[in-house]
Amino acid sequence: DLREDIYRRGFKILTDSFGIGCGIGGIQVSLEQLSGNEISAMHNMFLEFLAQYGIVPFIAFVIVLFKTIKSLIKSDYTISRFLGYLIALVIIPISLINSTYLLDQNFWTFWASLFVMGHVSEEKQLESEYA
């Protein structure tokens, strides 16, 4: 299975770098060096993030991501709750579709927008609790 082979190589990149990652944009070169096939894209956003940035940034990203989704779901605003549930439902399929996520500006724009909306939602919730 090619996807299983890609994932195995992704974890090998992480372990070979002692958990630090191969660096921004280094995933394609690293995959090609380990490759038994011609596929040089991870096709998994979370594993790509982990293999490129390492364990500590990955854990921070996942924590912020889940706190943001939780904040949106708990929001008093219908659109924020809808967005939170929507992201919770589609995050896995979305993270497996594309390749080379981390080099795409749309990826970072999407996550930045989501984090801002989650933060604003959380701030408004805190304001209403203390008002």
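Q: How do the residues of the lining of the largest cavity divide into nonpolar, polar and charged?
A: Seven are nonpolar, one is polar and none is charged. This is a predicted model.

Q: Which residues line the largest cavity?
A: The lining consists of Met-45, Ile-87, Val-90, Ile-91, Ile-94, Ser-95, Phe-110 and Trp-111. Met, Ile, Val, Phe and Trp count as nonpolar, so Ser-95 is the polar one.

Q: What makes this space a cavity?
A: A 1.4 Å probe fits in a cavity but cannot get out. By this rule there is one cavity of 30 Å³ or more. The largest cavity has a volume of about 40 Å³.

Q: Which helices each supply at least two residues of that lining?
A: They are α5 (78–97) and α6 (105–130). The largest share, five residues, comes from α5.

Q: How many helices and strands are in the chain?
A: The chain has six helices and zero strands. Read along the sequence, the pattern is α-α-α-α-α-α.

Q: What share of the chain's residues counts as buried?
A: Of the 131 residues, 37% count as buried. The cut-off for that label is under 20% relative accessible area.

Q: Among contacts between residues at least 6 apart in sequence, what share joins residues at least 24 apart?
A: The share is 69%. A contact here means heavy atoms within 4.5 Å.

Q: How many salt bridges does the structure hold?
A: It holds three. Side chains of opposite charge can pair when their charged atoms come close.

Q: Why is the pairing of Arg-8 and Glu-4 called a salt bridge?
A: The cut-off is a nitrogen of Lys or Arg within 4 Å of a carboxyl oxygen of Asp or Glu. For Arg-8 and Glu-4 the N to O distance is 2.5 Å, so the pair qualifies. Both residues lie in helix α1 (residues 2–16), four residues apart, about one turn of the helix.

Q: Why is Glu-4 called partly exposed?
A: Its relative accessibility is 44%. Buried needs under 20% and exposed needs over 50%, so Glu-4 falls in between.

Q: How do you know that Arg-9 and Asp-5 form a salt bridge?
A: Their closest N and O atoms are 3.3 Å apart. That is within 4 Å, so the label holds. Arg-9 and Asp-5 are four residues apart in helix α1, which means a separation of about one helical turn.

Q: Buried or exposed: what is Arg-9?
A: Arg-9 has a relative accessible area of 5%. That is under 20%, so Arg-9 is buried.

Q: What makes Asp-16 and Lys-12 a salt bridge?
A: Their side chains meet at 3.2 Å, N to O. The limit is 4 Å, so this pair qualifies too. Asp-16 and Lys-12 are four residues apart in helix α1, about one helical turn. Asp-16 is at 43% relative accessible area and Lys-12 at 40%. Both values lie between 20% and 50%, so both residues are partly exposed.

Q: Which residues of helix α2 are buried?
A: In α2 (residues 27–34) they are Ile-27, Ser-30 and Leu-31. They cover an arc of only 100° around the axis, so they sit on the same side of α2.

Q: Which exposed residues does the face of α2 turned away from its buried side carry?
A: That face carries Glu-32 and Gln-33. What covers the buried residues of α2 includes α1 and α3 (45–53).

Q: Why is Phe-18 called exposed?
A: Its relative accessible area is 75%. The cut-off is over 50%, so Phe-18 is exposed. Phe-18 is in the loop between α1 and α2. It has a positive phi of about 60° although it is not a glycine.

Q: Where is Gly-23?
A: Gly-23 is in the loop between α1 and α2. Its relative accessible area is 25%, between 20% and 50%, so it counts as partly exposed.

Notes: Residues numbered from 1 in each chain as written. Predicted model: local features only at pLDDT ≥ 70, side-chain atom pairs only at ≥ 80, totals over all residues. Heavy atoms only, no water. Buried < 20%, exposed > 50% of the residue type's maximum accessible area, 1.4 Å probe, protein only. 1 Å grid on protein atoms, 1.4 Å probe; cavity = no way out; pocket = protein on both sides within 12 Å on 5 of 7 lines; lining within 4 Å. Points joined across faces, edges and corners; volume = space filled by probe spheres on them. Arc of directions from axis to C-beta.
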